[in-house]
2 protein chains.
Amino acid sequence: MRVLGVDPGLTRCGVGVVEGTPGAPLTLVHVGVIRSDADLPQAERLLKVEQGIEQVLNEFAPEAVAVERVFAQHNVSTVIGTAQAAGVAMVCAARRGLPVGLHTPSEAKAAITGSGRADKAQVTLMVTRLLRLATAPKPADAADALALAICHVWRGGAQARLAAAHRAAQARAGQTRGGRR
Amino acid sequence: MRVLGVDPGLTRCGVGVVEGTPGAPLTLVHVGVIRSDADLPQAERLLKVEQGIEQVLNEFAPEAVAVERVFAQHNVSTVIGTAQAAGVAMVCAARRGLPVGLHTPSEAKAAITGSGRADKAQVTLMVTRLLRLATAPKPADAADALALAICHVWRGGAQARLAAAHRAAQARAGQTRGGRR
């Protein structure tokens, strides 16, 4: 499963593409940051985010997109821009029919470090380790995007296994009912 | 000048197109509401907003887009979705090279009623009057979108006159300096 993780923002929007399945080693496909100048009008900045996301989708063809879930309680001065950048990434995915997963920062941290309150250094360390990189991924800003992608691979896997178990259970129940007829 | 006003939202996104110039009567071109089902995933809802905005832009070809400026202090339970819908409208405009104006709800209210704290009934009444409609615009939800469009026509006009006056003053100053050479 190839997943694009997006750490949304106007000044820096982290993008990371990871390939993997739960229980197997993960591979780094791409990591980068989409930047936009603070002097540009907000609409132009959001357009730059869209163009950057489109480029990554075109080039690396992920099967799913994981975006950070933005809360109103976030840093008040930047939350609107962050939410809008996240919305743009979500629309880019939806336009292509790609499934979108929203994960909170704590969910992503907990998935890869075991703690929802891990600091930036710990997240970067685990991203480096899990992707079997010789050095920390560069740019450093994009480690959160990779963490979101890894979180999605693992949670997606767990969700897929639950769904499969549920279908299997339903099928067994169906057979039992069938046998009683 | 033809302006599309967007009152952003996920459940209901108001769109209103107005034609006019400052000091001349205004004309209603189009009014509508883009709706999306609360049961849909957020990415799908934002895609519906994008499709609705694109349809209006294609059909009515406005020269500018006025979007409500969203603040983090807005209703906390809906602010993220509202900000994202606004962001999607802004990107749709920027993609076509259309100028985007952001106006706060108070600015729009003050522009058309004289008071930034006017209530919904007052805004609807003034929109109806200014657009010379026999009855209030329907759907009622879209009155705010029309108010934003009218605000933009008027503020845009004022800004354009200021810019023209500024250019004229600079030209006069240039002539004076030239005359002294």
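In this predicted model, 100% of the interface residues of chain A are also interface residues in chain B, so the copies meet through the same surface. Chain A can be laid on chain B with an RMSD of 0.1 Å. Among the residues of chain A, Gln84(A) comes closest to the rotation axis. Its C-alpha lies at 2.2 Å from that axis.

Within chain A, strand 4 was examined next. Strand 4 of chain A spans residues 64–68 and is mostly covered. Of its 5 residues, 5 are buried. The side to which each residue points was also assigned. Ala64(A), Ala66(A) and Glu68(A) point one way from strand 4 of chain A. Val65(A) and Val67(A) point the other way. Residues on both sides are buried, Glu68(A) included.

Strand 4 of chain A pairs with strand 1 and with strand 5 of chain A. Strand 1 of chain A covers residues 2–7. It is joined to strand 4 of chain A by 4 bridges, and the two strands run parallel. In this pairing, Val3(A) stands opposite Ala64(A) of strand 4. Strand 5 of chain A covers residues 100–103. Here too, 4 bridges make the link to strand 4 of chain A, and the strands run parallel. Val67(A) stands opposite Leu102(A) of strand 5.

Note on methods: Residues numbered from 1 in each chain as written. Chains lettered and ligands numbered in written order. Predicted model: local features only at pLDDT ≥ 70, side-chain atom pairs only at ≥ 80, totals over all residues. Heavy atoms only, no water. Least-squares fit on C-alpha atoms with pLDDT ≥ 70 in both. Contact = heavy atoms within 4.5 Å. Buried < 20%, exposed > 50% of the residue type's maximum accessible area, 1.4 Å probe, protein only. Pairing = 2+ DSSP bridges.
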